[in-house]
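Me: I would like to go through the terms used for this protein and see what each one rests on. Please set every value against its definition.

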Amino acid sequence: MIFIVFLNYSSAKFRLASNAQAALNRDREDLARAALYKRRDAQKKAEAIQQQLQDLSDLQISIQTDQTLALKRLAKDSHPLY
């Protein structure tokens, strides 16, 4: 889900840059400026989502490592020493 949102913001950046250029071609600096502000906001949101994805990936790796260690401990504790 987060990845899809990230893709939407990423594609919005390019669309807004194109809108800004089209507005400048029509001598509408106000619209171009608005599109560039929206592009900047989309860029910030995309970067925040990308960081969240990285954080989630790191967390998943940590959980998998902890699970592996816990399973090893359980296996070790379930076999009595003779």
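This is a predicted model: local features need pLDDT of at least 70, side-chain atom pairs count only at pLDDT 80 or more; totals for chains, interfaces and linings use all residues.

Reply: The terms are taken up below, starting with the kind of model this is.

Me: What makes up the fold, in helices and strands?

Reply: The protein chain has 2 helices and 0 strands. Helices (H or I, at least four residues) and strands (E, at least two) are DSSP runs, numbered from the N terminus. Helix α1 covers 2–25, and helix α2 covers residues 29–78.

Me: Why is Ala20 called buried?

Reply: Buried means under 20% relative accessible area, exposed over 50%, and partly exposed in between (1.4 Å probe, protein chains only). Ala20 has 4%, so Ala20 is buried. This residue is in helix α1. In α2, Ala32, Ala35, Ala42, Ala46 and Ile49 are buried as well. Of the 82 residues of the protein chain, 15% count as buried.

Me: What is Ala20 in contact with, apart from its neighbours within four places in sequence?

Reply: Contact means heavy atoms within 4.5 Å. By that rule Ala20 touches Ala32, Ala35 and Leu36.

Me: What makes the pair Glu29 and Arg33 a salt bridge?

Reply: A salt bridge is a side-chain nitrogen of Lys or Arg within 4 Å of a carboxyl oxygen of Asp or Glu. For Glu29 and Arg33 the N to O distance is 2.5 Å, so the pair meets the definition. Both residues lie in helix α2, 4 residues apart, about one turn of the helix. An α-helix has 3.6 residues a turn, so residues three or four places apart point the same way. Glu29 is partly exposed at 49%, and Arg33 is partly exposed at 43%.

Me: Which other pairs count as salt bridges?

Reply: The structure holds 3 salt bridges. Arg28 pairs with Asp30, with the closest N and O atoms 2.8 Å apart. Arg28 has 35% relative accessible area, so it is partly exposed, and Asp30 at 46% is partly exposed too. Asp41 and Arg40 meet at 3.7 Å, N to O. Asp41 is partly exposed at 35%, and Arg40 is partly exposed at 41%.

Me: Why is Asp27 called exposed?

Reply: Asp27 has 71% relative accessibility, which is over 50%, so it counts as exposed. Asp27 sits in the loop between α1 and α2. Its phi is near 55 degrees, a positive value in a residue other than glycine. Most residues other than glycine have a negative phi.

Me: What makes Leu56, Leu59 and Ile63 a nonpolar patch?

Reply: Patches are made of residues with over 30% relative accessible area and no salt bridge; like charges are joined within 9 Å, and nonpolar side chains (Val, Leu, Ile, Met, Phe, Trp, Tyr) within 5 Å. Leu59 has 46%, so it passes the 30% limit. Together the three residues have about 280 Å² of accessible area. Such areas come from the Shrake-Rupley method with a 1.4 Å probe, and for residues only the protein chains shown count as cover.

Note on methods
Residues are numbered from 1 along each chain as its sequence is written. Side-chain values use heavy atoms; hydrogens and water are left out.
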